[in-house]
Amino acid sequence: MEKIIECKDLKKNYGRNIALDGLDFNVYEDDIYGLVGENGAGKSTLLKILAGHILKSEGSCSVLGTNIESSFEYRRDCGFLIENPSFYSYLTGMENLKYQASLRKFKVDDEIIELTKIFKIDGALNKKVKGYSTGMRQRLGIVAAMMNRPKILILDEPINGLDPSGIIDLRNFLLKINKEWGTTIIISSHILNELSQIANRVGIIKKGKMIEEITLDDLKEKNEKFIRIIAADSKDVSKIVNVLEENLKINDYKVLPNNIIEVYDIVDIFIIQKSLAEKDIYLRSASIVENTLEEYYMNLMGGLK
Ligand SMILES: Nc1ncnc2c1ncn2[C@@H]1O[C@H](COP(=O)(O)OP(=O)(O)OP(=O)(O)O)[C@@H](O)[C@H]1O
């Protein structure tokens with residue numbers, strides 16, 4: 001798989017404020033790459049550098065084989081939605097689309113009109129943008145970012161302002177263009193579970209550094225299912241541990257605060273429940289837990305603070 005974005009040791013300072021602190025970032029052709037991180041981690045700064053909105057301070061960055069500061073040509077093959085989409089508010093939605101298309105030397109054609117229908121902004125195309133709601137602007141911004149069938153689509157928090165049906169429309173459409181147009185997508189979000197539904201790779205940024213890049217397949221492997229037992233009473237915890245070890249020969253488990261015991265050995269949950277019931281130990285709950293991206297992220301962020 002070809003690497004189409006490669007940033008090495010990327011640094012960006014805003015005066016004394018360090019936004020990117022030696023960040024490495026790699027995106028491969030056909031990736032749907034999810035970028036996550038806390039407020040102020042540096043996500044928008046990275047995406048703005050890729051879009052050519054701001055310049056890096058140090059390090060190297062290439063997109064589609066071009067050093068991004070040596071030429072802006074690569075931007076023709078990209079679509080961007082970064083922060084609030086900027087439109088001329090006194091022009092209509094359609095006039096804005098036509099203007100943006102003319103800057104990039106193409107015309108608004110049937111395919112673009114179809115996009116406005118998919119993102120349900122077609123009914124407002126003849127209205128001035130100054131009368132649009134945040135969600136309508138966002139929908140128009142998404143259409144504008146996609147209207148040149150980009151090779152790379154970069155979306156910074158695209159679901160901001162979208163209603164639930166808008167989020168579903170976007171998710172389905174991103175999956176479709178990734179397959180059908182071969183568009184590589186980079187999408188930043190705070191909604192980690194949303195990202196885990198579409199991304200094949202996720203990069204976690206903290207304090208301007210990439211602290212982990214994982215594929216969702218890796219994540220599935222790393223985070224096998226486990227059983228979470230919650231004892232009804234703190235006095236039961238040692239009894240439960242005894243049954244796990246002596247009767248069921250389970251060694252891989254952890255006792256956590258709040259009367260929680262996690263069992264990582266592969267064992268049938270009903271056998272655990274039955275063995276405990278036979279010893280008159282009843283539980284508040286016993287459940288199978290599959291780690292989500294959210295849990296993985298919280299562990300990682302918590303662990304590195
Ligand atoms: N124009 C600017 N001038 C000064 N500091 C800035 C500027 N833009 C961003 N920063 C700082 O750079 C750091 C990274 O900000 P950035 O917006 O890239 O983070 P982010 O991960 O996108 O955050 P969020 O999730 O809140 O959008 C923050 O400390 C922020 O305060």
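Colleague: In which loop is tryptophan 181 found?

Modeller: This is a predicted model, in which local features need pLDDT of at least 70, side-chain atom pairs count only at pLDDT 80 or more, and totals for chains, interfaces and linings use all residues. Residues are numbered from 1 along each chain as its sequence is written. Helices (H or I, at least four residues) and strands (E, at least two) are DSSP runs, numbered from the N terminus. Tryptophan 181 is found in the loop between helix H5 (164-180) and strand E8 (184-188).

Colleague: Is tryptophan 181 buried or partly exposed?

Modeller: A residue is buried if 20 or more other C-beta atoms, placed from the backbone, lie within 10 Å of its own, exposed if 12 or fewer, and partly exposed in between. Tryptophan 181 has 13 other C-beta atoms within 10 Å, so the term that applies is partly exposed.

Colleague: What separation is there between the C-alpha atoms of tryptophan 181 and lysine 151?

Modeller: These two residues are 30 residues apart along the chain. Their C-alpha atoms are separated by 7.8 Å.

Colleague: Is valine 36 buried or exposed?

Modeller: Valine 36 lies in strand E3 (residues 32-36). Its contacts (C-beta atoms, placed from the backbone, within 7 Å), leaving aside neighbours within four places in sequence, are Ser189, Leu192, Leu195, Val202, Ile204 and Tyr297. Because valine 36 has 26 C-beta neighbours inside 10 Å, it counts as buried.

Colleague: In what order do the four strands of the open sheet stand?

Modeller: Two strands pair if DSSP finds at least two bridges between them. Strand E1 (residues 3-14) pairs with E2 over nine bridges, and five bridges join E1 to E4. E4 and E5 pair over two bridges. The pairing is antiparallel, and the order is E2-E1-E4-E5.

Colleague: Which strands stand at the edges?

Modeller: Each edge strand has a single partner strand, so one side of each is left without a neighbour in the sheet. The strands in question are E2 (17-28) and E5 (66-67).

Colleague: Which residue is the bridge partner of cysteine 7 in E4?

Modeller: Elsewhere in the sheet, isoleucine 5 stands opposite valine 27 in E2, and serine 62 opposite asparagine 67 in E5. For cysteine 7, the bridge partner in E4 is cysteine 61.

Colleague: How far apart do the C-alpha centres of domain 1 and domain 2 lie?

Modeller: The domain bounds come from an automatic or database domain assignment. That assignment gives domain 1 (3-220) and domain 2 (224-289). Their C-alpha centres lie apart by 45 Å.

Notes:
Two residues are in contact if their C-beta atoms, placed from the backbone, lie within 7 Å.
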